[in-house]
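Please examine the sequence and the model that follow.

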Amino acid sequence: MRVINTIKVALRALRRNTMRSILTALGIIIGVGAVIAMVSIGNGAKAQVEAQVASLGENVITVFPGSFTAGGMRGGWGSMSTLTVDDSEAIRRETVNVLGVSPEMRDRAQVLANGLNWNTQIMGESPDYSTIRSWPIASGAMFTDQDVRSVAKVAVIGKTVADQLFPDGEELGQTIRIRNIPFKIVGILAAKGFNLFGQDQDDTVVIPYTSHMKRIARRPNINSILVQAASAKTIEKVQQDITDLLMQRRKGREQDFTVRNQVELAQAATATSETMTVLLSAIAGVSLVVGGIGIMNIMLVSVTERTREIGIRLAVGAHGRDVLLQFLIEAVILSSLGGIIGIALGVGFSELVSLKTGWPILVSPTSVVVAVAFSAVVGVFFGFYPARKAAQLDPIEALRYE
Amino acid sequence: MAPVVKIEEIHKIYDSGEIPVHAVRGVSLEIHRGEFVALMGASGSGKSTLMNLLGCLDRPTRGRYLLDDTDVSQLDRNELADIRNQKIGFVFQGFNLLARTTALENTELPMMYGQRHHSSREMRQRALHSLEIVGLSDRADHFPNQLSGGQQQRVAIARALANEPEILLADEPTGNLDSKTSVEVMGVFQKLNGQGITIVMVTHELDIARYCKRNLILRDGRLVRDELVQDCLQADEEMRKLREAEAAAKLTSA
Ligand SMILES: Nc1ncnc2c1ncn2[C@@H]1O[C@H](COP(=O)(O)OP(=O)(O)OP(=O)(O)O)[C@@H](O)[C@H]1O
Ligand SMILES: [Mg+2]
């Protein structure tokens, strides 16, 4: 029954010291809120980058013309490319653990349709392109190997191009003119958003690479080769096999190509986001400490008054543990109230940032637990420890405390 | 009948400072049920120290203290706390009320830690009754800083009475009060004493001591005089005289 009274006493004490209670809770709110917001935003940014990395496709290897290892980028990429469709066919034929191969052609061109025009990237690819890049077709279908063989005038277009040229929808089956050659739209790519480098990936038109080479670019060589390895485990082996195969085909000439996997490409971008996460975590840590110091200050400032209060309670018959329980209940109430409000504010702020940036919010349960536990421990320690000392005094000593 | 308070050769030595202070040097004393004792003496003679020992707020360095036949020197902290809660009402020299806490809630305080459980309503009623005894029921919801010194003193008395103690210990209950309020407080004490409560109070003032039935004088930690008061003053009567004098003063000044 004394416990009920003690709860009552604790509630009265909190009400009696409204300002102190609010300030203490505020310390906890700031600490918890900041940690949750910062960690969520950091995680969100990281997840966003990871999603972008994934949007490159899974286990993708790219073969570029030019060598980074011998004599720098000889000839550059594309202009005087040394890669051929035969190279690509050799990879398809002779490399194991390969799920798909696509020789790539790239050119910018003006596209006309519907009385509108739009400058965009024209990609020449094989039908594997859609699976290699994990890029589904939203409506219609990918062009086929038959289309490649017959140098068909068919195209699959990105969302941005579709929106620009066909504001009213109904793109499928329509005709677009690329460099004045009509292509029939057979499919629309699903929206993919921006890539790691901030380019709109949906601003593109994909046609069979043969059609691109013969009708658009009119070049014998290809810009690059996309290869999809069977798994993350095989990716390095496949990379090596491709290098060996192409070197063999070069018959002792200098290496004039480079084989890179998507992980290497993504590393630069993820490094940035990791730096940001570390930075945000540091801010969060500082906030937590600042909040903790706030709680500590308030608790310590009121020690004299509270010691006298304890003296009065002991004098009228409170046991040491009644007093300790009261202080514990006070600390728990403040910590949980502050914790709940802090969580709400932290999550709210993350939502706001997510709304503005389009990042996913990922509230990490660990950060919630750590932040609340830390604040509660600080609150309990600095509220409880002086109280414990006071409760061990004789009542007369506690009353004399200055 | 056994005395309520029986102390034998009690000593208190403070040795917290550089030189130990021997504040109480071998006091022996018996106080019986229904007594009304004034403890007097010069400043620093050890009155407060002795009161704190009697109130079980502090422990004697040497000597025996029997309260209601129990040897309190043998009790542990919690048992002492229960004795303070159940048997003793203590009125501090400096009031020691909880700040920002109403007179009513201050008065309820001892009941919070009582062995018997009271419902909130019961506690409130008993606290109100205590406040009524000291004539403060109309100030129940006031905070200490909204009360005069005398009113705060009376809240402290009401709190001391809340658990219906056998013995009321008051350290200079009239120390901060003007003479009229002092007489008022003495009136309250006489009324309580009339109802059978044993009272020990510290005072500096001789005329206040004359409201009590027995006077003790302490000098340098020793009891030097112990005498019964012959013709005790009656607070009611003195109050009437004071009012008459006041009225007369008004008449003359008018
Ligand atoms: N906590 C303490 N530590 C050391 N010495 C103390 C302590 N409390 C009191 N004393 C000393 O003990 C002696 C008695 O003090 P006490 O407070 O009992 O006097 P008192 O008779 O109540 O005086 P007053 O009338 O001024 O209240 C004094 O010399 C005082 O200095
Ligand atoms: Mg004193």
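A residue is called buried when its relative accessible area is under 20%, exposed when it is over 50%, and partly exposed in between. The model shown here is predicted. Glu30(B) has a relative accessibility of 34%, and therefore counts as partly exposed. Lys6(B) belongs to strand 1 (residues 5-14) of chain B and Glu30(B) to strand 2 (residues 21-31) of chain B, so the bridge ties together parts that are 24 residues apart in sequence. Lys6(B) is also partly exposed, because its relative accessible area is 24%.

Side chains of opposite charge can pair when their charged atoms come close. A further pair in chain B is that of Asp68(B) and Lys87(B), whose side chains meet in a salt bridge at 3.5 Å, N to O. Asp68(B) lies in the loop between strand 4 (62-67) and strand 5 (70-71) of chain B, and Lys87(B) in the loop between helix 2 (77-86) and strand 6 (88-91) of chain B, so this pair ties together parts that are 19 residues apart in sequence. In chain A, salt bridges with shared partners join Arg16(A), Arg306(A), Glu309(A), Arg313(A) and Glu330(A) into one network. Over all chains, the structure holds 35 salt bridges.

Attention may now turn to the ligand. Ligand 1 lies between chains A and B. Of the 15 residues around ligand 1, those that come nearest are Ser43(B), Gly44(B), Lys47(B), Ser48(B) and Thr49(B). A side-chain N or O atom of Ser43(B) is 2.5 Å from an oxygen atom of ligand 1. For Ser48(B), a polar side-chain atom lies 2.8 Å from a ligand 1 oxygen, and for Thr49(B) the corresponding distance is 2.5 Å. The protein covers 69% of the 630 Å² of accessible area that ligand 1 has on its own.

Among the buried residues of helix 8 of chain A are Ile235(A), Val238(A), Ile242(A) and Leu246(A). Just after this helix, Lys251(A) takes a positive phi of about 50°.

Met19(A), in helix 2 (residues 18-55) of chain A, is exposed because its relative accessible area is 57%. Together with Leu23(A), Leu26(A) and Ile30(A), Met19(A) makes a nonpolar surface patch of about 360 Å².

Methods. Residues numbered from 1 in each chain as written. Chains lettered and ligands numbered in written order. Predicted model: local features only at pLDDT ≥ 70, side-chain atom pairs only at ≥ 80, totals over all residues. Heavy atoms only, no water. Patch = residues over 30% accessible without salt bridge, like charges linked within 9 Å, V, L, I, M, F, W, Y side chains within 5 Å. Areas by Shrake-Rupley, 256 points an atom, 1.4 Å probe, with all protein chains shown as cover. Salt bridge = Lys/Arg side-chain N within 4 Å of Asp/Glu carboxyl O. Helix = DSSP H or I, 4+ residues; strand = E, 2+ residues; numbered from the N terminus. Buried < 20%, exposed > 50% of the residue type's maximum accessible area, 1.4 Å probe, protein only. Near = heavy atom within 4 Å. Polar contact = N/O pair within 3.5 Å; in protein donor to acceptor, adjacent residues only side chain to side chain.
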